[in-house]
Amino acid sequence: REAGLDTVCLRQRDFDSRDAYDEAVAGVLRSHGVELVCLAGFMRLVGAPLLGAFPNRILNVHPSLLPAFPGLDAQQQALDYGVRVAGATVHLVTPELDGGPIVMQAAVPVLPGDTVESLSARILVEEHRMYPQAIATILDGRWRIDGRRVVVETASRQ
């Protein structure tokens with residue numbers, strides 16, 4: 001509101017079901033002319049009513065190189081597993097947890113002595129750099145889904 005943006009707050013606990021909540025969210029977004037839904041820190045699966053209202057138009061950013069370490073505590077999972085490279089992924093949202101086609105990824109080295117906090121901070125830098133680029137890619141519309149990835153179509157040279 002302070003930035004002059006329309007603000008709506010829907011609390012899931014005020015709805016009888018997840019589907020009812022997702023239907024309400026979809027309705028609010030459509031009524032505001034939203035074309036692309038960008039999630040960050042949403043921390044829950046997106047239900048069929050919202051996915052159906054915005055097919056291949058919901059993005060999420062996740063702090064791992066998916067498909068490795070989906071779900072919660074991805075940075076801790078990476079450290080526990082002992083990987084030497086972690087990172088971030090922007091992906092289209094599907095019913096599967098962090099399972100949608102990958103739009104963009106960025107690698108981040110795991111350094112000796114890293115903690116969840118230090119690794120998370122470096123991953124966050126990449127998330128902030130990459131997410132606007134991924135949003136621009138999807139809004140541009142010159143892409144297609146090929147299996148589990150989003151392929152950006154390039155203009156042919158003449």
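Student: How many disulfides does the count give for this structure?

Tutor: The count is 0 disulfides, a disulfide being a pair of cysteine sulfur atoms within 2.5 Å. The model is a predicted one, in which local features need pLDDT of at least 70, side-chain atom pairs count only at pLDDT 80 or more, and totals for chains, interfaces and linings use all residues. Residues are numbered from 1 along each chain as its sequence is written, and side-chain values use heavy atoms, with hydrogens and water left out.

Student: What makes Cys-9 buried or exposed?

Tutor: Its relative accessible area decides the matter: buried means under 20%, exposed over 50%, and partly exposed in between (1.4 Å probe, protein chains only). Cys-9 has 65% and is therefore exposed. Cys-38, at 36%, counts as partly exposed.

Student: Why is the pair of Phe-15 and Tyr-21 given its name?

Tutor: Rings of Phe, Tyr and Trp (its six-membered ring) pair if their centres lie within 6.5 Å; planes under 30 degrees apart count as stacked, over 60 as edge-to-face and the rest as tilted. By this rule there are 2 aromatic pairs. In one of them, Phe-15 and Tyr-21, the ring centres are 5.7 Å apart and the planes stand at 70 degrees, so the pair is edge-to-face. Phe-15 is partly exposed, at 26% relative accessible area, whereas Tyr-21 is buried, at 9%.

Student: What makes a space a pocket, and what is the volume of the second largest pocket?

Tutor: On a 1 Å grid over the protein atoms alone, a pocket is an open set of points with protein on both sides within 12 Å along at least five of seven lines, and lining residues have an atom within 4 Å of a point. The second largest pocket holds about 270 Å³, and the largest about 500 Å³.

Student: Which residues and elements line the largest pocket?

Tutor: Its lining has 27 residues, and Met-43, Asn-60, Val-61, His-62 and Asp-98 are the closest to the centre. Strand 2 (58-62), helix 3 (74-81) and helix 4 (116-140) each supply at least two residues, with helix 4 giving the most, 4 residues.

Student: How do the residues of the two linings divide by type?

Tutor: Ala, Val, Leu, Ile, Met, Phe, Trp, Tyr, Cys and Pro count as nonpolar, Asp, Glu, Lys and Arg as charged, and the others, Gly among them, as polar. The largest pocket is lined by 14 nonpolar, 8 polar and 5 charged residues. For the second largest pocket the division is 12 nonpolar, 1 polar and no charged.

Student: In what order do the elements of the protein run?

Tutor: From the N terminus on, the order is α-β-α-β-α-β-β-α-β-β, with 4 helices and 6 strands.

Note on methods:
1 Å grid on protein atoms, 1.4 Å probe; cavity = no way out; pocket = protein on both sides within 12 Å on 5 of 7 lines; lining within 4 Å. Points joined across faces, edges and corners; volume = space filled by probe spheres on them.
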